[in-house]
Amino acid sequence: MPDVRTGADGVARCRWAGDDPLMVAYHDDEWGVPHHDDDALFELLVLEGAQAGLSWSTILRKREGYRDAFAGFDVERVARFDDRDVTRLLGDARIVRNRQKVDAAIDNARALLDLRQQTGASLDAFLWSYVDGAPVVNQWTEMGQIPAVTETSTRLSKDLRKRGFRFVGPTTLYAFMQATGMVDDHVVDCFVRTR
């Protein structure tokens, strides 16, 4: 199977983007693009955690619902969510209504505020320190070469868990690193690599 897929627009993309317009737009405009805003990083951390056991396209379809339900991923506001908010979220069909994932999102907002207070660093500075402040640009020629877990994602996972974050296993963290542009895993024949 080829590692890129040429869409109806004549553009060669990483095969996983398929032909779903939402996935194609995510692939073309967001995946692998460096993110440095703490709220945007928090959003992707929550969404990657919510994705566990589900397809990414499912999460993308629920993204606007998440943004609305989680106060635009404003970390300070989410950290103040209480039992009433949890009940509201568990009744909201626009998001993944899994109690552990909802609780983890709120706990992660609180852990993020604690991280800022304890280290004096933003989430951005903390995360990007794991890649020395610059994206790791891999030279994969085949999708099968792309790992699901790396030594860096494992170290980052352990550090975040130690700081109270949840749903941040090494596999979830590597997907997060790809999504936030900490790692660029577009295969070399993908148009994103040459634009």
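Predicted model: local features only at pLDDT ≥ 70, side-chain atom pairs only at ≥ 80, totals over all residues.
Residues are numbered from 1 along each chain as its sequence is written, and side-chain values use heavy atoms, with hydrogens and water left out.

**Stop 1: helix H1**

Select residues 21-29, which form helix H1. Helices (H or I, at least four residues) and strands (E, at least two) are DSSP runs, numbered from the N terminus. At the start of H1, look for Asp-20: one of its side-chain oxygens comes within 2.9 Å of the backbone nitrogen of Leu-22. Now colour Met-23, Val-24, Tyr-26, His-27 and Asp-28, which are buried. Here buried means under 20% relative accessible area, exposed over 50%, and partly exposed in between (1.4 Å probe, protein chains only). What do the buried residues of H1 pack against? Show strand S2 (12-14), H2, helix H3 (56-69) and H9, and you have their partners, with contact meaning heavy atoms within 4.5 Å.

**Stop 2: Arg-116 and its two partners**

Side chains of opposite charge can pair when their charged atoms come close. The structure holds 22 salt bridges, each a side-chain nitrogen of Lys or Arg within 4 Å of a carboxyl oxygen of Asp or Glu.

Centre on Arg-116, whose salt bridge with Asp-38 has its closest N and O atoms 2.9 Å apart. This pair links distant parts of the chain, with Arg-116 in helix H6 (residues 99-119) and Asp-38 in helix H2 (residues 38-51), 78 residues apart. Arg-116 counts as partly exposed because its relative accessibility is 23%, while Asp-38, at 11%, counts as buried.

Glu-76 is partly exposed, at 33% relative accessibility.

For a salt bridge elsewhere, select Asp-184 and Arg-193, at 3.9 Å from N to O. Asp-184 is buried, with a relative accessible area of 13%. Then select Glu-30, Glu-43, Arg-63, Glu-64 and Arg-67, which salt bridges with shared partners join into one network.

**Stop 3: the largest pocket**

**Stop 4: the cavities**

Finally, show Leu-45, Val-46, Gly-49, Ala-50, Lys-101, Ala-104, Ala-105, Asn-108, Arg-166 and Phe-167, which line the largest cavity. On a 1 Å grid over the protein atoms alone, a cavity is a set of points where a 1.4 Å probe fits but cannot get out, and a pocket is an open set with protein on both sides within 12 Å along at least five of seven lines; lining residues have an atom within 4 Å of a point. H2 and H6 are the elements that give two or more residues to the lining of the largest cavity.

For the second largest cavity, select Val-46, Tyr-66, Phe-70, Ile-95, Val-96, Lys-101, Val-102 and Ala-105. H6 gives the most to this lining, with three residues.

Notes. Polar contact = N/O pair within 3.5 Å; in protein donor to acceptor, adjacent residues only side chain to side chain.
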